Amino acid sequence: MAKNYWLIKSEPSTFSFDDLKKRTGQTEGWDGVRNYQARNFMRYHMQVGDLALFYHSSCAEPGVAGIVEITKSAYPDPSSWDAKSPYFDSKSSPDNPRWFMVNVTFKSEFKNFVSLKALKENDNLKDMKVVQKGQRLSIQPVTREEFSLVSKMGGL
DNA sequence: GCCAACGTTGGC
DNA sequence: GCCAACGTTGGC
């Protein structure tokens, strides 16, 4: 089975690549995704062993900080039926979960942060969703070529 | 803080 | 099933 490549967004003020690196086990459950397209990528296409670019959004310098590996495939997101969670959705329940999550684990940190600006300036990356205007998906597929080029730009 | 782009909701 | 209103995302 061919490996898939992804880009996942996080706001560093909420959860940064550095937070993941420092976490015990360097693993985080990727909860809180509340968009059907993003959910479906996780649920139907993400596999253990897939790699993802960890992207910082809504911050002073948006861009890719490093690489994570998918270490657990999609399972129901319990925050969706936790009334105290900011991600609560009354239409989701343990019996009938609407939202799913995966686990991601720190893989490698870029030697140089790859800014959104740098991504935009590279002609070979012009098809990446993240550089396109109005593209807000928090989980996006990237091609193997894009993934390896961005890794190279990051100094890996 | 602004605002464009997009997704979702809900009345009809 | 349409579409206007609203909420959210995210770069700047």
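## The two sides of helix H4

In this predicted model, the face of H4 turned away from its buried side carries Glu 145 and Lys 152, both exposed (over 50% relative accessible area, with buried meaning under 20% and partly exposed in between, for a 1.4 Å probe and protein chains only). H4 covers residues 144-153, and its buried residues are Glu 146, Phe 147, Val 150 and Ser 151. Down the helix axis these buried residues fall within an arc of 135 degrees, so they line one face; the arc is that of the directions from the axis to the C-beta atoms.

The cover over the buried residues of H4 includes strands S1 (5-10), S3 (51-56), S4 (63-76), S5 (100-115) and S6 (139-142), together with helix H3 (116-121). Contact here means heavy atoms within 4.5 Å. Just after H4, Gly 155 has a positive phi of about 90 degrees.

## The chain as a whole

Chain A has four helices and six strands, in the order β-α-β-α-β-β-β-α-β-α. These are DSSP runs numbered from the N terminus: helices are H or I of at least four residues, strands E of at least two. Of the 156 residues in chain A, 45% are buried. Among contacts between residues at least 6 apart in sequence, 74% join residues at least 24 apart.

## Basis of the values

Residues are numbered from 1 along each chain as written, and chains are lettered from A and ligands numbered from 1 in the order written. Local features need pLDDT of at least 70 and side-chain atom pairs pLDDT 80 or more, while totals for chains, interfaces and linings use all residues; side-chain values use heavy atoms, without hydrogens and water.
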